[in-house]
Amino acid sequence: MSSSESAVEHALDTSFFQRWLTAAAESVQREAARLTELDSAIGDADHGTNMQRGFAAVTEALEKEPPGSPGAALILAGRQLISKVGGASGPLYGTLLRRAGKALGDAAEVTPQQLADALRAGVDAVAQLGGAAPGDKTMLDALFPAVEALGGDTASFTAAGEAADKGALATVPMLARKGRASYLGERSVGHQDPGATSSALIVAALAEAVR
Amino acid sequence: MKMLINVAETVVADALRGLAASHPELTVDVENRVVVRRDAPVPDKVALISGGGSGHEPLHGGFVGAGMLDAACPGEVFTSPVPDQMVRAAAAVDNGKGVLFVVKNYTGDVLNFDMAAELAEDEGIQVAKVLVDDDVAVSDSTHTAGRRGTGATLFVEKIAGAAAEEGAPLERVEAIARRVNACSRSFGVALSPCSTPAKGGPTFELPAGELELGVGIHGEPGRERRAMMTSREIADYAVDAVLDDLRPDNPVLVLVNGMGATPQLELYGFAAEVHRVLGERRVAVARTLVGNYVTSLDMAGASVTLCQVDEDLLRLWDAPVRTAGLRWGC
C-alpha cells in the first residue's frame with residue numbers, strides 16, 4: 001500500500017479526536033476507584049477523583065464548544081485538564097494534550113503518523129515540565145513505550161495501548177524518584193504508579209476511537 | 001469514620017462559606033476558590049498570594065489579612081489549586097507593585113504556580129515566586145521531589161507579609177521571603193494517620209503502638225517508624241533532626257505546631273520539652289508560637305519549626321498582623 005492510500009484510509013478527523021477523548025473520559029470514570037486505590041498506596045488517594053473531575057470537564061467542553069480541528073480538540077481538552085484537575089496531573093496531562101494539539105496545527109485531518117509525532121512532542125514536553133525520565137515511576141513509563149509503538153497506521157494504536165499497559169505494570173518494582181511517591185523511597189517499590197496507570201487508560205482509548 | 005460534614009464533595013466550598021460568614025474583613029469567592037483581603041488591592045503595597053491543597057487550615061486562607069497574605073487559593077483536599085485561581089487572585093490584589101507567590105515545594109503546587117505566573121505575566125502583572133522547602137525529614141537529593149514545604153510557610157508568609165505592609169518593593173519582599181525559608185527547618189511526627197473526606201477513612205496505616213518520625217503534612221512517610229515515645233524523647237529526636245541541618249548563631253523563632261488532633265495541653269507539654277532541648281543545645285529562643293497552624297486534617301502529632309532570626313526579621317515577626325488564624329499588635 002502506498003503512503004497516500006494509507007493516509008486516506010487512516011485519515012483522522014475531528015470526530016475521531018472527540019471519540020478518543022470521550023472514550024478516555026469514560027475509561028477514567030470507570031477506573032476512578034482503582035486509580036484512587038493505587039494512589040492511596042503511594043500517594044494521597046485522590047488521583048481517580050481528580051482525573052474524573054478533569055475529564056468530565058473535557059467531555060462537557062467538547063459538547064459545549066465543538067472544536068473545529070483535531071488540534072483544537074486536543075488544546076481544548078488540555079486547557080480543561082489544567083483548569084480542573086489540580087495537583088501535578090493537571091499541568092502534566094494538560095501540557096501533553098496542548099503540546100500535541102499545537103503540533104497538529106489547524107489541519108482538518110491528520111495521519112496516524114502525524115498523531116504519533118504530535119504525541120511524541122507532547123510526551124517530551126511532559127518530561128521537560130516534570131523533570132522526570134523513564135524509570136522514575138511516573139506517567140512517562142507508560143507514555144514513552146506508547147509513542148514508541150505508535151506508527152503510520154491505526155493498527156499501531158492497539159499496539160500502543162498494549163505497550164502503555166505493559167509500561168504501567170513495569171512501574172511496580174520501580175523506586176519512585178519524582179512526585180509525592182518519591183518521599184516513600186524504598187516503600188514505593190511493589191506498587192503500580194497511578195499516573196502511569198491513567199496514562200495507559202488514555203492511550204488505550206485511541207484504539208476504541210477507530211471506526 | 002465520623003466527620004462533621006455534609007458530603008465529601010462540598011467540604012472545601014462549605015468551609016469557604018463559613019470563612020466568609022465569620023470574617024467580613026475577607027472577600028471569599030466560593031465558586032472560584034479565592035480568598036482576598038476585603039481592602040485589596042492595598043495601595044502602594046506588594047501583594048502576597050499563597051495557596052495549596054485544603055486540609056492544612058488555618059494555612060492559607062486563615063492567614064489572609066493585614067500584615068500577612070493578600071489572597072489565598074485553596075485547592076481540593078490535599079490537591080494543589082489550579083492556575084486559574086492564582087491568576088484571578090493576582091488580578092484582584094495587584095496594584096502595579098507586583099505580586100509574590102509563596103509556594104510550598106510539592107510537584108503539583110510548583111507546576112500550577114509556575115503556569116499561573118506565566119499567565120499573570122501575560123496580563124502585565126509582575127510576579128516573583130518563593131519556594132518553601134523546610135522539612136528535613138526528606139533528603140534533598142535528585143532522587144526525591146526535594147524537601148517539602150511545611151511549618152516554615154507560616155514564618156515566610158508572616159515576615160514577608162510584614163515587609164510588604166511596610167512598603168518594601170517586590171525585590172526586597174522576595175529576598176526576605178527567601179531568607180526566612182533559608183533560615184528555617186522543620187521536623188514532624190504523626191501519632192495517628194489522617195483521614196480525607198473523599199476516602200472516609202485513614203489514608204495510611206499506623207499501628208496503635210507506633211509513631212511516624214518525619215511525617216509530612218499529607219501523611220507522607222518520613223524517616224522511620226518506632227514504638228511510641230514520650231514527649232521528652234520525641235522532642236529530643238525532632239529538635240536534633242532540625243539542628244543537624246541548621247546550626248543557629250542567632251536566636252530562633254520556635255513554632256510548636258499541632259497536626260490537627262493533638263490537644264493544646266499536649267502541645268504545651270511538648271513545647272516545654274522543645275525548650276529544654278534547645279537550652280541543652282545552647283540555642284537561644286526569641287519567640288515561641290504554639291498551636292494548630294499548618295495542620296494535616298485530623299492527624300495527631302506535632303511538628304517543630306525553627307527559624308534563625310536577626311533583629312530585622314524579628315522586628316518584622318513582631319509587627320502587627322490581623323488575620324483569622326494569627327492576630328497580634330492591632
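**Notes on the two chains**

1. In chain B, 26 residues of domain 1 are in contact with 32 residues of domain 2, where contact means that the C-beta atoms of two residues, placed from the backbone, lie within 7 Å. Helix H4 (152-165) and helix H5 (170-182) of chain B each supply at least two residues of the side of domain 1 that touches domain 2, and H4(B) gives the most to that side, with 7 residues. Helices (H or I, at least four residues) and strands (E, at least two) are DSSP runs, numbered from the N terminus. By class, this side of domain 1 of chain B has 16 nonpolar, 6 polar and 4 charged residues; Ala, Val, Leu, Ile, Met, Phe, Trp, Tyr, Cys and Pro count as nonpolar, Asp, Glu, Lys and Arg as charged, and the others, Gly among them, as polar.

2. The model is predicted, local features need pLDDT of at least 70, side-chain atom pairs count only at pLDDT 80 or more, and totals for chains, interfaces and linings use all residues. Residues are numbered from 1 along each chain as its sequence is written, while chains are lettered from A and ligands numbered from 1 in the order in which they are written.

3. The bounds used in the first point are domain 1 (8-183) and domain 2 (184-316) of chain B, and such bounds come from an automatic or database domain assignment. The C-alpha centres of these two domains of chain B lie 22 Å apart.

4. Chain A averages a pLDDT of 93, and 96% of its residues score at least 70, pLDDT being the predictor's confidence in each residue, from 0 to 100. Over residues 1-7 of chain A, however, the pLDDT is below 50, and beyond near neighbours in sequence this stretch has 4 contacts in the model. Where pLDDT is low, the predicted coordinates should not be read in detail.

5. Between the chains, 23 residues of chain A are in contact with 27 residues of chain B. Helix H3 (47-64), helix H4 (70-84) and helix H5 (89-104) of chain A are the elements that give two or more residues to the side of chain A that touches chain B, and H4(A) gives the most, with 3 residues. The residues of this side of chain A divide into 7 nonpolar, 9 polar and 7 charged.

6. Within chain A, helix H8 (residues 155-169) and helix H9 (residues 194-209) pack at an angle of about 170 degrees, with their axes 8 Å apart; axes are lines fitted to C-alpha atoms, for helices over the stretch in contact, and angles run from 0 to 180 degrees between N-to-C directions. H8(A) and H9(A) are therefore roughly antiparallel to each other, a term used for angles over 145 degrees. Among the residues that meet are A:Phe157 and A:Ala164 in H8(A) and A:Val203 and A:Leu206 in H9(A), and the residues of this contact divide into 10 nonpolar, 5 polar and 1 charged.

7. The peptide bond from B:Glu57 to B:Pro58 is cis, with omega near 10 degrees, and the bond from B:Leu59 to B:His60 is cis, with omega near -5 degrees. B:Pro58 is found in the loop between strand S3 (47-54) and strand S4 (65-66) of chain B.

Conventions
Angles under 35 degrees count as roughly parallel, over 145 as roughly antiparallel, 65 to 115 as roughly perpendicular and the rest as oblique.
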